[in-house]
Amino acid sequence: MALKPFKAPGARLALRAKRESRRFAGGSRPAEIVLDISRLLSRSFHAAPTGIDRVEFTYARELLERMPDRLAFAAVHPAGGYYGRLKDAAVRQFLAFTAARWRNTEQVDERESKAAVIRHLIALRPRPVPVAHGPRIYLQVSPHHLDDADQVGAILRAEGARFVTLVHDVIPLTHPEFARPQGAEEHLKRVRTIDRYADGIIGNSQATIDALAPRLTRGLEGRVIRVAHFGADAPDMVVEGSHEVPDRPYFVYISTIEPRKNHLLLLNIWRRLVERWGDKAPVLVLIGRRGWENENVVDMLERAEILRGHVIEAGSVPDNEMNALVAGARAMLMPSFEEGYGMPVIETLSAGVPVICSDIVAHREVGGEAPDYLDPLDGLGWLRAIEAYSKADAPERAAQIARIAAWRAPTWGDYFDIVAGMLDEMTVRASA
C-alpha cells in the first residue's frame, strides 16, 4: 500500500549480489534478466499508481537489490511505441522520482511535475539491444503490449531470450460482463500471446493459474510455473504527518469503482444505515478512482442526498493519506464478485486492521482464517456485520484482531525468493 523509498544498491548488497551471480552447476553462465518496464513509462504522467504499477515498480526495486550485475531494463517507449534497452542510471533516477511522486507528502506543482516526467522520458529513450553472450530471460510483469503478439515475438527475437510473464488475472475471460467494452477480446489476445511465447508463467495466486490453464492450447506442460503471493510487508505501512480522518466510526473500501467491485451493495447498505441510525451512522470512505460502466453507482454518489456526509468519495489519494485512513478504520470492506488476488486484503491485514470481504476463492487463498467472509450477494449479512463492527466494543471485531495476530502476511522477500529460484531453473534449462 505504501511504498518504501527507492534506494540504489550499495555495498551492503554486495554479498547478496555475489550469491545471486554464482555460476550454475556445469559451469553454465547465469542468465541476464531483462525486465520490461513499459507499463511504468506509459503511466508516468499519472500521479497515483494502480496495483499493477506498484508490482512492476517492486520488481525493478527488488531485482536491482538482488541481481544488479545481471539485470537490464527495456521498454516499448510511450513517445513512439518503439522498443529498446534503457540506460541503468536513467532507470534508477526514474524509479526514485516515481517513488517520491507516489508518496506525494507535499503539494506538487503539476506543471513542474509534468516537465520532470518529460525529462525522464527523454533520458529513457531506448537504445539498441546488445548481442547476448549467454542465456537471456525476458521478464514482463504487466499486460502492456501483450495484445500485440507480433511485437512480442519481434522483441524476443531481438533479445534472443526466453520469455517469462506474470499473469494477474483472467477475469475478462471468465467474467466478460465485468470487463470494459472489447475487454474480453483484448485479454484473449494477451492470453494467446502468453500461450504462444511464454516459457515460464508466474501466477499471483493458484486461483489465477487454475483459471488460466484451460485457456492455453499448449497447456502448462513444458513450461516453468510458479505461484507467488505478492508481499505486504508491515514496515511499508508508514503514516507520516497529520491527516484528516472521519470523526465517527468509519469503514474504507480500496478499489477502482467498476461493476465487479460491487460498490452498489455498499451504497444501498449505507442508505439503510442512515435510515436506521441517522447522524450516528458510520461513514464509508471510498478510496480509488472512478472506472467504467458504473452509472448506477455514480448516480447514487452524486444524487442520493441521504448519503451526504455519510459516504465520502476520496478518489485517488497519496500513500500516506491512504495509510492513515486504513489505520483508523473499523474494517476494510471488499465485497467484490471476483478477484485474481485481492491485494487490499493482505495489505490491510498486515497493518493489523480487520477485513470483511467476499467469500471467493482468491480471498480465501490469501486471507486464510483471518477475515470475516460473506457472500457478495448477501446484503443483509453485510448489513449485520457492518452494524456489529461499528460498535466500540464489538466482539466480532476483537475476535478478528486475535485471528490477525496468528496470521502470517506474505512478504516480498518470500515472493522474490520464488521468482529468483524460477529464473535460476530456467537458466539451467536454457543451458542444457
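Two strands pair if DSSP finds at least two bridges between them, and strands, like helices, are DSSP runs numbered from the N terminus (E, at least two residues, for strands; H or I, at least four, for helices). The model shown is predicted: local features need pLDDT of at least 70, side-chain atom pairs count only at pLDDT 80 or more, and totals for chains, interfaces and linings use all residues. Residues are numbered from 1 along each chain as its sequence is written, and side-chain values use heavy atoms, with hydrogens and water left out.

**View 1. Strand β4 with its partners β1 and β5.** Let us start with β4 (residues 136-140), which pairs in the parallel sense with β1 (residues 32-36) over five bridges. Look for Val34, whose bridge partner in β4 is Tyr138. Strand β5 (residues 162-167) also runs parallel to β4, joined to it by four bridges, and here Ile137 stands opposite Arg162.

**View 2. An open sheet of six strands.** Follow the order β10-β9-β8-β11-β12-β13, in which the pairing is parallel. At the edges are β10 (311-315) and β13 (372-374), each pairing on one side only. From one strand to the next, the twist averages 25°. Four bridges link β9 (residues 283-287) to β10 in the parallel sense, and Leu286 has Glu313 of β10 as its bridge partner. Helix α12 (residues 319-327) packs on this sheet and touches β8 (250-254) and β9 (contact means heavy atoms within 4.5 Å). The direction of α12 makes about 135° with that of β8; such angles run from 0 to 180 degrees between N-to-C directions, and axes are lines fitted to C-alpha atoms, for helices over the stretch in contact.

**View 3. Helices α10 and α11 side by side.** The axes of α10 (residues 263-277) and α11 (residues 295-303) come within 9 Å and cross at roughly 30°. That makes the two helices roughly parallel (angles under 35 degrees). On the α10 side of the contact you will find His263, Leu264, Leu267, Asn268 and Arg271, which meet Asn296, Val297, Met300 and Leu301 in α11.

**View 4. The whole protein.** Stepping back, the secondary structure comes to 17 helices and 13 strands. Buried residues make up 54% of the 432 residues.

Terms used: Parallel < 35°, antiparallel > 145°, perpendicular 65-115°, else oblique. Buried < 20%, exposed > 50% of the residue type's maximum accessible area, 1.4 Å probe, protein only.
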